[in-house]
Amino acid sequence: MSGYGSAYPRGVASWLLTDDHKRVAILFLAAIAVMLGLGGLAGILVRIELLTPAKALVDEHGYNRLFTAHGLILVALFVVPAIPATFGNYLLPLMIGARRLAFPRLALGTFYLYVGGAAAVLVGLVRGGVDSGWTIYPPSGESSPDSVAIVLGGLALLGVGWLATAANFIATIHRHRAPGMGFLDMPPFVWSLYATSLVAVVATLVFAVGLALVGLGLGGGDLFVRLHLRWFYAHAAVYTAIVPAAGVASELILAFARKNALSYRALVLSFVGIAAASLVSWGHHVFAAGSTRDAALFGIPSLLLATSLAVAALTWAGTLYGGSIAPRTPLLYGLAFVFFLFFGVASGVGLAAGGLGAQWHGTWFVVAHFHCIVAGGMLSAFLGALHFWFPKMTGRMYSERFALLAAAPIFVGLCLAFFPEFLLGNAGMPRRSPTYPAALEPLHVIAAAGSWVLAAGLAGALGVLVGALRWGAPAEPNPWGAGGLEWATSSPPPPENFEKEPRAAGELRDLSRVP
Amino acid sequence: VDDIVSRLLWLPGGASPGARAVDGLHAALFLATLVAAALFFGAIAALMLRYRREGEDEPARRIVAPLALEVAFAAAPLAALVAFWGLGVSRSAAVLGAPADAIDVTVVGRQWTWSFSYADGRSTDFRLVVPARRPVRLLVTSRDVLHGFAVPAFRVQQDALPGRTATTWFEADRAGTYPIFCTELCGTGHSSMRGEVLALAPADYARWLEGRLPPPAPELDLARQGERVMVTQGCARCHSSTGERGQGPTFLGLYGKMVKLERGPDVLCDEGYITESMMDPTVKVVQGFTPSMPSYQGKISAGETVAIIEYIKSLRGAGVPESIVPGGARP
């Protein structure tokens, strides 16, 4: 029912100056997809360089620049903003029965902060040749101070944008819920956005302190302290990306199992637990810099983090019990998220254990660990969300068969690209080195092949969705028979979201709608 | 069984008691992960099959977990994780606390060299010489930026921070050589900041302390000895023998050539210039290169200096000698 298309203003200016959260979200989606392409391309080049044990494509400096571009673009411009800025902005008001975000123009402003931040990061990378890795550890990270300053300025813009988004979400959740919707009636995805926004508000402030130390030349401070400050933010930032991904996975499982969550409160508490623990578990990034006692202490919040994730995972599996399960593409992406998250967390438990962490820290094992979480996990959740809410956002259905055909190589590619990297780490190969002992070549060849399969699958998925914009059948308001207020309005929704103000009955999540 | 697990996991042969302790923990985590994954994803697969949707109009169902199940969902993983954490802490104490009879070696990282200082005042670059079967405590620090000192064979890794000294330790089971890597990005030369631990049998170590080891193998001619010194002293990390550009100029065809310098008039590359460049490398820097090479004054013997010069002379042009070192003296 895309009849509402005519209710929207037309023209480029109406998009660029929109105060409609749905249009802001679509602007974000377009920009973020471009960044995923750029960062992914840099990743493929890194993998091609590593096909042979000797230098091949680029020299050491070129290699340092390549993986810096890959990491910075994908972490700062994809992983952290992807789900909140697109699906958060689009769905948060719809899911709580609101007509808009609390601060509509602020939402548009966050998009321009993103564009400005992205431009600065890209200029710093391309023109300035930043080669410090996405971690930008001082002082070697400051070897090209001007371009690093441009990148840090870009990150500051992104941080401000993220802070504004978080404040907008928090205000909207507190002030704009539909009548009858209490905090404990909110869908899991809304809870995940709420938890992650609270973390963002706290962590961004510390990030600002860290940036000030570097940017204002107060960097004479102790490197040890600065490493801690840096990871306090970066660790929380990465987990603020995982909590919304967990929220997405919850929605996918509820919708396609056509069931209530086995335990709603366990799910909500697990999100809060992940968010809270992410604020105190940064220390496991700096194990090798500190003492045994630090390692033991920082292991404790890491345990809480892993436990929270385990509670969520067990609740997801338990939710399938007694369900009416349709194994559609979005659900399979959701389960792929659970799959990679499992191995990401299991390896994280190893990294948080003193002796093993000392072996793996700084090797490819760490690369495998966080790619399981952000590439395998977070990217899968993003794709699941994209397919699940695509009919709602565009008013079109995509081809289920072709979507599955694209999903298969994405899953296989992720497995091939990242699981061999655990073994590279076991073998002791350091990160960020274009050369390596010849015995490790087979593992790199498998991983490179995986990156190509993954890229082919992503291109296929993009083709399926873009094709659906043109040839897809019109989408019903609730094509999946899912619960949730976003399905109680047309696809796409009218500018004011709902024809008449919706009312949420208690325990909304338990009222799965059946067509 | 240990060997099979090691091969399966691509672990370098564990060559120290610490490595065995860590590998036990590794095997425990690996097996626990596999068992948990089989149970968890097996359950998901079974539920997907058992509760597969039969018709589009199948109604939604409502099932709420009892409190006991919710508690179990939290308690079971927490118990497993706490148990593993306890095991990890007890093992890491074994790994990180050096025994009292350990000998001390100071490890200094700088762009892009590992230097080792021994109690008797001696020092080496790139190559850490230790006795086998004797605990060695490493005092790790950096002179410039963050570095990471790692010896995979011993499962040892310690970040090197400027202005701080951290300790770690290992004990080599057997005489042999074990690769050293830098595991923290430290600039352009990060990937060439490698070295090796040379663990010597106690008798050999005593001879090394007296300055008589490692003796060049007698069957080698001078140029081949030079190639071996080049590898063991780390020259090959920056200077290729193949014409490939590294951190420093290639040795191929260098001898007898006129060399353009960063500063000052051109210089003929002869025995004198090569020796000066080893002992005082920042004075006459070849055009296009940075003065990042450490001085080898006092670190290599006169005989080794001559051997290196002879090796460079052997690379004058055609007839590059076949490599004697596994993998060749190439970066």
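Student: How many positive and negative side chains does chain B have, and how far apart do the centres of the two sets lie?

Tutor: This is a predicted model, where local features need pLDDT of at least 70, side-chain atom pairs count only at pLDDT 80 or more, and totals for chains, interfaces and linings use all residues. Residues are numbered from 1 along each chain as its sequence is written, chains are lettered from A in the order in which they are written, and side-chain values use heavy atoms, without hydrogens and water. Lys and Arg count as positive, Asp and Glu as negative; His and the chain ends are left out. With each charge placed at NZ of Lys, CZ of Arg, CG of Asp or CD of Glu, chain B has 33 positive and 33 negative side chains, with centres 1 Å apart.

Student: How many helices and strands does chain B have?

Tutor: Both are DSSP runs: helices are H or I with at least four residues, strands are E with at least two. Chain B has 8 helices and 12 strands.

Student: What share of chain B is buried?

Tutor: Buried means under 20% relative accessible area, with a 1.4 Å probe and protein chains only. Chain B has 331 residues, and the buried share is 49%.

Student: Which residues have the most contacts inside the largest nonpolar core?

Tutor: A nonpolar core joins buried Ala, Val, Leu, Ile, Met, Phe, Trp, Tyr and Cys through side-chain atoms within 4.5 Å. The largest one has 187 residues. Those with the most contacts inside it are A:Phe78, A:Leu155, A:Trp316 and A:Trp389.

Student: How many residues does the second, separate core have?

Tutor: Among its members are B:Tyr118, B:Val136, B:Leu138 and B:Val145. Its size is 34 residues.

Student: What box do the C-alpha atoms of chain B fill?

Tutor: The box is taken along the principal axes. It is roughly 90 × 55 × 40 Å.

Notes: Buried < 20%, exposed > 50% of the residue type's maximum accessible area, 1.4 Å probe, protein only.
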